[in-house]
Amino acid sequence: MTGPAASLVELARRYGVATDYEDWTGTRIAVASSTLISVLAALGVDAGTEDDRAAALIAHDREYWSRHLPPTVIGRTGAASTFWVHVTHGNPVSLRIRLEDGSMRTDLPQLENNRSPYDLDGRLVGEATFETPANLPIGYHRLELHADGAEFSTPVIVSPASLVPPSGRNWGLATQLYSVRSEKSWGVGDLTDLTDLAIWSAAQHAAGFILVNPLHAAAPVAPMEPSPYLPTSRRFVNPIYLRVEAIPEYAYIRRRNRLRKLREAVQSRADRAEKVDRDAAWKAKRSALEAVYEVPRSAGRDLAYAAYREREGRSLDDFARWCALAERYGADWHQWPRQLQHPAGEAVAEFAAEHADSVDFHRWLQWQLDDQLTGAQATALQTGMSLGIMHDLAVGVDPNGADSWALQDVLALGVTAGAPPDEFNQLGQDWSQPPWRPDQLEQLAYEPFRALVNSVLRHAGGVRIDHIIGLFRLWWIPNGARPTDGTYVRYDHEAMIGIVALEAHRAGAVVVGEDLGTVEPWVRDYLNERGLFGTSILWFEADRDGAQGPAGAPLAAERWREYCLSAVTTHDLPPTAGYLAGEHVRLRDELGLLTRPAAEELADDREQQNSWLDELRRVGLLDGDTEADAAQIVEALHRYLGRTPSRLLSLSLADAVGDLRTQNQPGTTDEYPNWRVPLAGPDGKKLLLEDVFDDVTAARLGEVMRKAVRPAV
């Protein structure tokens, strides 16, 4: 079989599209020409024929030489960065950098560049290379050029060489907030519940942070998407997490008794329901929020709302307009009237003017969320947490949602993001989410990505970035193709990680990258060099080099990574008590997800668990002469985390109360109630937040974690 044409390979190289890759077994896989053509098409490049590719290569050259400056210049503190300048051959060049504070720098030395001039329609264009000063401050600056009788400029983004890690060690609860409601909730856990959980864990057990599931916005119409990892927007927050009574204007509602009865009714329904019912909760809460919205605000509150709208700008307007349109036409913007399918259309502006109250209601909801998130973080810190709330940033968005509509010019259409086959998903994964276009991000100086990172860190002491490997390269799958028929597309990781580091530095936040799965060997070293933490899950930590068998023996505690968030389990597995009971094998067998007999899966799983039990006995955390029960093993596993050098440790709230059921079963949608499982105890009985505060097991494990990070206390 012949490989891709040389012109196709060259075009793919220029756009960062992999023509081959190494799979999880170490085998080199060639990418089909059809995949390369489809992926290039998603990047706006026609590569179907030899003539198309020849034209595309010429266009790529012309675009490069037509620019006087790069779209963006990326740098780090303490190091010089090089950049090119294009001017008419032989013409003089004047350069300066305008810093954020308005001051100027002109010390930009020229370096040797012997590249031949390019003939651009009869004009010879020369290329010169310059260097930025190594001592530029952190920030978003501008490079200004005077040449060819005109002025040009481009952004210069300077990030910290490395983030400074938080001092000492910290532990935190990991919680799926929607599953943890209290007596005063509206059918689902909310931001007041999150605040109270932070207070309990910090005041009673010296927790340094609380890790919460992505709070990203879902479409405001039924059925509400349950997955926090498939949001309509990552830029904004789901108002289902608002506590109605915490809004200041609530105090001035005359008929609060009606709203109280509304809350009691939805709480009673939640008491009886087996699953978290977001639609019922949102219907009731929305009615109450509409009543609060109608209450006149004080002059000061009006000023605060105006300031919020001005700060959020066009992004907030686009999101609010999408929500109002979704309530009228449905949550898939591809099915709307054509004139409404782009946010810049005149018809969208006309709709917004005609439905001004509806649009403003959705803007107002985001303001309330901003208020309550600010309060939650402030209270967590006041209670003694060193970091406070650690938010979770999902890898992508719903292809039919608000961000896909508002940012469609920056997202790749015709492909979806996913993952290639690996040890745990041998058919690969298709997440159905449109990926960023790396070329468009660069052209826009990464502004949409900067705004996203800034927003998630606005009320946080930390952020967990789901699939952080996607900021280096991401698996693109052509629409209609199998996950196995995709390829990697590279991003400028120096820019992407640099922006994350810059925004985290300014927020005083720690960054945790979920770096599980197929990872290029150098990537973890790079993240560590930039001061970003990795992720370690106990069941996946294996000494593969000295192992017998594919799974490997447990990696000894002292060999775990220091700059890492370490946990026993993850939301894609059952809580530890359920895992020990083989719940993950039983469930996959029941759902037809196993590729071999359940008995074989259970045997391998038992072998892995036994190796960990042996390790716990070896280090003295389990008695070698007595058979331990599940509660003792769960406690010992978390004590084992304390033996590692990891700076951040996590305890799942589900583990803390002895819950058995998993929140999410990968490979399913409606076959299993993913992201709809309410918190429960080992007997399967649902627990309220108040029950957690009185739970003996939760208190005991909280003390285990406190002693793990503060053994001398």
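The structure is a predicted model, in which local features require pLDDT of at least 70 and side-chain atom pairs count only at pLDDT 80 or more, whereas totals for chains, interfaces and linings use all residues. Residues are numbered from 1 along each chain as its sequence is written, and side-chain values use heavy atoms, with hydrogens and water left out.

The secondary structure comprises 21 helices and 27 strands, taken as DSSP runs (helices H or I, at least four residues; strands E, at least two) numbered from the N terminus. The radius of gyration, taken over C-alpha atoms, is 27 Å, close to the 27 Å given for 713 residues by the globule rule, so the chain is as compact as a globular protein of that length; the rule is 2.2 Å times the number of residues to the power 0.38. Of the 713 residues, 55% are buried (under 20% relative accessible area, 1.4 Å probe, protein chains only).

The second largest pocket holds about 860 Å³ of space. A pocket is an open set of points on a 1 Å grid over the protein atoms alone, where a 1.4 Å probe fits, with protein on both sides within 12 Å along at least five of seven lines; lining residues have an atom within 4 Å of a point. Grid points are joined across faces, edges and corners, and the volume is the space filled by probe spheres set on the points. The lining of this pocket numbers 26 residues, of which R14, H60, P71, D439 and E442 are the closest to its centre. Two or more lining residues come from each of α1 (6-14), α3 (50-66), β3 (73-76) and α11 (438-443), with α11 providing the largest share, 5 residues.

Notes:
Buried means under 20% relative accessible area, exposed over 50%, partly exposed in between (1.4 Å probe, protein chains only).
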